[in-house]
Amino acid sequence: MSLVKYKNVSIQRQSKNVLKDVNLTLEPSTFYYLIGKVGSGKSSLMKTMYADVPISKGEEADVLGFNLLNIREKDIPYLRRKIGIVFQDFQLLQDRTVYANLEFVLKATGWHDQNQMKNRIGEVLTEVGMANKSYKMPHELSGGEQQRIVIARSLLNNPKLILADEPTGNLDPQTGYRILTLLHRLVDSGHTVLMATHNHQLLDDFPGKVFKCYNKEVIME
């Protein structure tokens, strides 16, 4: 069963058409790239998937069983719990430790048991190779380490779908490659990753299925 299915979807931002007639399907355990120039609609498309940008019209817009054409405000948090989001600029809380950053997300998404939270934080930090960094403050970490923490944060609720918006954009090439290796490994463990990037070299080194935003349309390459 598809995780995401868009049929003839149009997206507007501030009454301007960003994308039109989008037909797109994301299948389980698959790595997808979303490429295109700056301003071509990549981020807008991803933001529709977690209901941050509304869909102006379409025949079908289904994400993880939620109908985005008529999703209710109260259902949006439940949709977002099922999606992991990796931002280019990290968006970590600078005034608290790595552990407290992750604990904050768990509490915000309905976790209460301290032991369960501690165990889950340990699991995701181990998965991204940062098990010994939980006591650190974000500013004490390198860019690559911060991005690993962001990926750990995205995994907390074991999402089927991970949206990564230019996750290597602020990193040096070597660190970016390590992050790509990590994201590809997540696909092997059952996640689907949709990653926006303008670095076409990555497509050669880390193969995946490719969608391109071009001329207000989304083309499968």
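Is asparagine 17 buried, partly exposed or exposed, and what is its relative accessible area? In this predicted model, asparagine 17 has a relative accessible area of 39% and is therefore classed as partly exposed. The residue lies in strand 2, which spans residues 16-26. When residues up to four places away in sequence are not counted, asparagine 17 touches Ile11, Gln12 and Lys216.

Charged side chains were examined next. The count of salt bridges comes to 6. One of them pairs arginine 80 with aspartate 52, with 4.0 Å between the closest N and O atoms. This pair links distant parts of the chain, as arginine 80 belongs to helix 2 (residues 76-81) and aspartate 52 to the loop between helix 1 (42-49) and strand 4 (60-63), 28 residues apart. Arginine 80 is partly exposed because its relative accessibility is 34%, and aspartate 52, at 42%, is likewise partly exposed.

A further salt bridge is formed by the side chains of aspartate 75 and arginine 72, at an N to O distance of 3.0 Å. Aspartate 75 has a relative accessibility of 17% and so counts as buried, whereas arginine 72 is partly exposed, with a relative accessible area of 49%.

Aspartate 95 and arginine 96 also form a salt bridge, their closest N and O atoms being 3.3 Å apart. Here aspartate 95 is exposed, since its relative accessible area is 58%, while arginine 96 counts as partly exposed at 28% relative accessibility.

How values were computed: Residues are numbered from 1 along each chain as its sequence is written. This is a predicted model: local features need pLDDT of at least 70, side-chain atom pairs count only at pLDDT 80 or more; totals for chains, interfaces and linings use all residues. Side-chain values use heavy atoms; hydrogens and water are left out. Helices (H or I, at least four residues) and strands (E, at least two) are DSSP runs, numbered from the N terminus. Buried means under 20% relative accessible area, exposed over 50%, partly exposed in between (1.4 Å probe, protein chains only). Contact means heavy atoms within 4.5 Å.
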